[in-house]
Amino acid sequence: MEAKTIAMSLASNRSLIFPNYPRSAFVSTAQLSRLPLKCACFRGLVLTRCNPIVSNRRRLVHVRATNSEGSPGLEKVKEYEEWDSWTAKFSGGANIPFLMLQLPQIILNAQNLLAGNNTALSAVPWLGMLTGLLGNLSLLSYFAKKREKEAAVVQTLGVVSTHVVLAQLTMAGAMPLPFFAATSAVVTVGIILNCLFYFGKLSRTLWRLWEDFITVGGLSVLPQVMWSTFVPLVPNSILPGTTAFVIAVAAVFMARTGKLPEEGVKFVESLSGWTATLMFMWMPVSQMWTNFLSPDNIKGLSPITMLLSMTGNGLMLPRALFIRDLMWFTGSIWATLFYGYGNILCLYVSNCTSKSFFAASTIGLISWIGLALWRDSAAHGHNSPFRSLKELVLGS
């Protein structure tokens, strides 16, 4: 029997009616509120919905039934919605380890400062912490613009806690005072502007200026930080940052004056998000390089901090994979494997943590990634988890 196609808006007080189905088979559109942008195909049942993370605009839901036997399809929809709900809860649960992320490191730094052991604080690279702070600040602006209150609060606390660590490093002489003063000024202005914008107290012009600033700042700082990480193996130069600054200013100017096509403007507007992701991705590289140059200083790292980092980023992996957000997934998997687990591995090799702690972390991480891939493929009706990864990377 040829199927009919029914389209109706996502009103919370309406239902999607499948042809020839009993009233008990009606599915409330409220249950479909988290369906991603991709088509979800479940044995003849096709559901398409706009991803609320990508766009806040309401769109129509197109439903097509190819037979009157609705039970298998509806069971698949239920399984899809169930995993959708769990991934959202996991993502929200990541707030807990992120809120506690810097606390063990702050306590350890305070103990070393009180004991006069300033050298131990050199194990924490201020360049890596700085890139993480700027990444938090960029993402704070992103979530404030999206009106994602919980995520914005987490990014704000990330900015504040990282700034406290940088203050401790400055007290120990591990971070130059002029750099800390400039960072403090940017953090103060950034938090104030984001709060004003979130509560509707900031003009659109000032907000666009701030967005342009974090885009230019991120693109300028990232290559300079990457270069400075390897000093003195490479010459101490500001050429990478200066070159990137000129290119970034030119790109923003052309975008704002209409000198770029629409695709170019969208690309420039997306740079701040990708820049923030790359900043977070550089943190483990900077940390591991410091570990390589000064193995003795690794004792200044807190295993609990690394575990919290691995846990927080790992909890976001299922959601990033589920909604096929490549940027989010890339940053999360990189931080999970190389910053969290990578430093746990370094601590274990240096006999700074127990074998049981390392084994539990390894088994937990492998099990969690395997579970995420398996449940995602099942929720989308795939026979292989590699299909989910293919859709994530290729978008099909």
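This is a short chat about a predicted model of a protein chain.

Reader: How confident is the predictor, on average, in the chain?
Author: The model is predicted. Its pLDDT averages 77 over the protein chain. Of the residues, 81% score at least 70.

Reader: Where is the pLDDT below 50?
Author: Over residues 1-70. That stretch still has 140 contacts in the model beyond near neighbours in sequence.

Reader: Switching to rings. How many aromatic pairs turn up?
Author: A search of the whole structure gives 11. One of them joins Y198 and F199.

Reader: Is that Y198 and F199 pair stacked or edge-to-face?
Author: Edge-to-face. The centres are 5.3 Å apart, and the planes make an angle of 85°. That counts as edge-to-face because the angle is over 60 degrees.

Reader: What about W334 and F338?
Author: They pair too, in a tilted arrangement. Centre to centre is 4.5 Å, with 40° between the planes.

Reader: Where do W334 and F338 sit?
Author: Both are in helix α11, residues 326-349. They are 4 residues apart, about one turn of the helix. In an α-helix there are 3.6 residues a turn, so residues three or four places apart point the same way.

Reader: Which residues do ring pairs link into a cluster?
Author: W83, W86, F90 and W368.

Reader: What lies over the face of W86?
Author: K89 does, at 4.9 Å from the ring centre.

Reader: New topic, helix α3. How many residues does it have?
Author: It has 12, residues 103-114. From its first C-alpha to its last it reaches 17 Å, close to the 16 Å expected at 1.5 Å a residue.

Reader: Which α3 residues are buried?
Author: P104, Q105, I106, N109 and N112 are.

Reader: What comes just after α3?
Author: G116 does, with a positive phi of about 75°.

Reader: Which residue has a positive phi although it is not a glycine?
Author: N351, at about 60°. Most residues other than glycine have a negative phi. N351 is found in the loop between α11 and α12. N351 is exposed, with a relative accessible area of 68%.

Reader: Where is S384 found?
Author: In the loop between α12 (355-379) and α13 (385-394). S384 is partly exposed, at 27% relative accessible area.

Reader: What lies 3.2 Å from a polar atom of the S384 side chain?
Author: The backbone nitrogen of F386.

Reader: And how far apart are S384 and W374?
Author: In sequence, 10 residues. In space, 7.9 Å from C-alpha to C-alpha.

Reader: Last one, T183. Which helix is it in?
Author: Helix α6, residues 177-198.

Reader: Why does T183 count as buried?
Author: Because its relative accessibility is 9%, and buried means under 20%.

Reader: What is T183 in contact with?
Author: Leaving aside neighbours within four places in sequence, T183 is in contact with L130, L133, L166 and M175.

Key
Residues are numbered from 1 along each chain as its sequence is written. This is a predicted model: local features need pLDDT of at least 70, side-chain atom pairs count only at pLDDT 80 or more; totals for chains, interfaces and linings use all residues. Side-chain values use heavy atoms; hydrogens and water are left out. pLDDT is the predictor's confidence in each residue, from 0 to 100. Contact means heavy atoms within 4.5 Å. Rings of Phe, Tyr and Trp (its six-membered ring) pair if their centres lie within 6.5 Å; planes under 30 degrees apart count as stacked, over 60 as edge-to-face and the rest as tilted. Helices (H or I, at least four residues) and strands (E, at least two) are DSSP runs, numbered from the N terminus. A charge sits over a ring if NZ of Lys or CZ of Arg is within 6 Å of the ring centre and within 35 degrees of the ring normal. The expected span of a helix is 1.5 Å times one less than its number of residues. Buried means under 20% relative accessible area, exposed over 50%, partly exposed in between (1.4 Å probe, protein chains only). A polar contact is a pair of N or O atoms within 3.5 Å; within protein, one must be able to donate a hydrogen and the other to accept it, and residues adjacent in sequence count only if both atoms are side-chain atoms.
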